[in-house]
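Visitor: Could you take me through this one? I would like to ask as we go.

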Amino acid sequence: MKKNINKIGVLSFFSCLLLFISCDWDESNYDSLTKELDPNATYYIQFKDASQTLESGFDPSGEIIDIESTITVVLLGTPQAQDISVDLSLDPASTIEASMYEIGTTSLTIPAGETSASTTFKTVTENMVEKELVTFILNIDMGENNATAGTTLNYELTRLAPCRPVPGTYTIEMADSYGDGWQTDDGNGGNGITIDLDGTIIEVGMCNPYVAVDYDCVEGDGFSAVATFDIPEGIQSAKWFFPGDEYGEISFKVYGPEGELLYSVSTGEGVAGQLPIENCIL
């Protein structure tokens with residue numbers, strides 16, 4: 001009999017607990033889901049991510065990548081029963097010129113029941129001065145609906161200069177662990193490392209004993225060789241490319257005009273493609 005009484009007591013306890021839980025809900029959440037929006041509810045408007053420092057870039061071919069961003073305004077408070085119009089104005093303190101940027105619109109609408117609206121921003125980077133910081137400043141003017149902070153958007157924008165290579169004589173120390181010269185993208189020979197100087201191609205590599213190659217390769221003992229070439233003054237860009245390593249035997253080091261090591265590849269670690277070699281005029 002004692003065991004049965006204990007079981008009845010436990011079941012009664014859990015039944016009461018479940019009843020208590022099932023009847024307890026978040027009244028505020030219930031209200032927000034079931035009540036209609038109040039057209040007189042208080043709200044405030046501000047920018048999202050109002051302060052940013054942004055820079056242009058370059059793609060692998062050296063073309064400029066413009067600065068792009070999304071300008072977003074957000075509603076603080078209860079979503080409204082009607083659309084909210086938000087006008088943005090350029091602050092006179094902005095130093096960016098009209099020809100340097102494009103903006104989708106300066107008149108945003110936050111739809112009824114929603115809490116944000118956005119537009120696009122993009123620089124026309126080719127019209128900007130290299131390495132010169134400019135500011136793009138926008139203001140929200142919603143009167144009493146201005147938030148206490150975040151009503152001014154401030155972008156600091158810089159057009160980066162391309163990497164113009166330091167002129168002078170560059171050295172490439174080449175090695176092959178098997179001792180039969182370089183076999184790059186071909187089992188018997190292949191192409192050398194190419195350096196694209198504003199469209200003028202220089203090709204560098206070790207000769208091999210099997211086939212003639214289509215460039216001025218450097219003779220050696222099969223295990224190592226050294227090549228030099230010049231980058232003249234006034235060159236705007238230097239892009240380096242490695243053709244590959246057919247048997248995993250190749251290694252090389254690249255040195256700048258002052259003898260500084262710019263890049264190094266250990267035996268078998270070379271991957272075909274553009275090499276991240278930069279030696280820029282500062």
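Guide: What follows is a question-by-question walk through the model.

Guide: The model is predicted, so local features need pLDDT of at least 70 and side-chain atom pairs count only at pLDDT 80 or more, while totals for chains, interfaces and linings use all residues. Residues are numbered from 1 along each chain as its sequence is written, and side-chain values use heavy atoms, with hydrogens and water left out.

Visitor: How many helices and strands are there in the chain?

Guide: The chain has 2 helices and 19 strands. Helices (H or I, at least four residues) and strands (E, at least two) are DSSP runs, numbered from the N terminus.

Visitor: And what percentage of the residues count as buried?

Guide: Of the 282 residues, 35% count as buried. Buried means under 20% relative accessible area, exposed over 50%, and partly exposed in between (1.4 Å probe, protein chains only). The chain exposes about 16,500 Å², of which carbon and sulfur atoms supply 51%; accessible areas come from the Shrake-Rupley method with a 1.4 Å probe, and for residues only the protein chains shown count as cover.

Visitor: Sheets next. What is the strand order in the open sheet of 4 strands?

Guide: The order is β1-β5-β9-β7, with antiparallel pairing. Two strands pair if DSSP finds at least two bridges between them. The edge strands are β1 and β7 (101–103), each pairing on one side only. From one strand to the next, the twist averages 20°; axes are lines fitted to C-alpha atoms, for helices over the stretch in contact, and angles run from 0 to 180 degrees between N-to-C directions.

Visitor: How many bridges do β1 and β5 pair over?

Guide: β1 and β5 pair over 6 bridges, in the antiparallel sense. Tyr-43 stands opposite Gly-77 in β5.

Visitor: What about the open sheet of 5 strands: which order does it have?

Guide: That sheet runs β2-β11-β10-β6-β8, and its pairing is mixed. β2 (51–55) and β8 stand at the edges with a single partner strand each, so one side of each is left without a neighbour in the sheet. Neighbouring strands here are turned by 25° against each other on average, direction ignored. Within this sheet, β10 and β11 pair in the antiparallel sense over 7 bridges, and Asn-139 stands opposite Thr-152 in β11.

Visitor: Which residues touch the most other members in the largest nonpolar core?

Guide: Ile-45, Val-73, Val-86, Phe-136 and Leu-157 do, in a core of 28 residues. A nonpolar core is a set of buried Ala, Val, Leu, Ile, Met, Phe, Trp, Tyr and Cys residues joined through side-chain atoms within 4.5 Å. At least two residues of this core come from each of β1 (43–48), β5 (68–77), β6 (84–90), β8 (107–110), β9, β10 and β11. The largest share, 4 residues, is supplied by β10.

Visitor: What is Ile-45 in contact with?

Guide: Leaving aside neighbours within four places in sequence, the contacts of Ile-45 include Val-73, Val-86, Ile-110, Ile-140 and Thr-151. Contact means heavy atoms within 4.5 Å. Among contacts in the chain between residues at least 6 apart in sequence, 71% join residues at least 24 apart.

Visitor: Changing topic: how many salt bridges are there?

Guide: The count is 2 salt bridges, a salt bridge being a side-chain nitrogen of Lys or Arg within 4 Å of a carboxyl oxygen of Asp or Glu. Glu-130, Arg-159 and Arg-164 are linked in a network of them.

Visitor: How far apart are the closest N and O atoms of Arg-159 and Glu-130?

Guide: They are 4.0 Å apart.

Visitor: Is Arg-159 buried or exposed?

Guide: Arg-159 counts as buried, at 14% relative accessibility. Arg-164 is partly exposed at 26%, and Glu-130 is partly exposed at 28%.

Visitor: Last one. What does Gly-273 touch?

Guide: Not counting residues up to four places away in sequence, Gly-273 touches Trp-240, Phe-241 and Phe-242. Gly-273 lies in strand β19 (residues 273–275) and is partly exposed, with a relative accessible area of 27%. Its C-alpha atom is separated by 8.5 Å from that of Trp-240, 33 residues apart along the chain.
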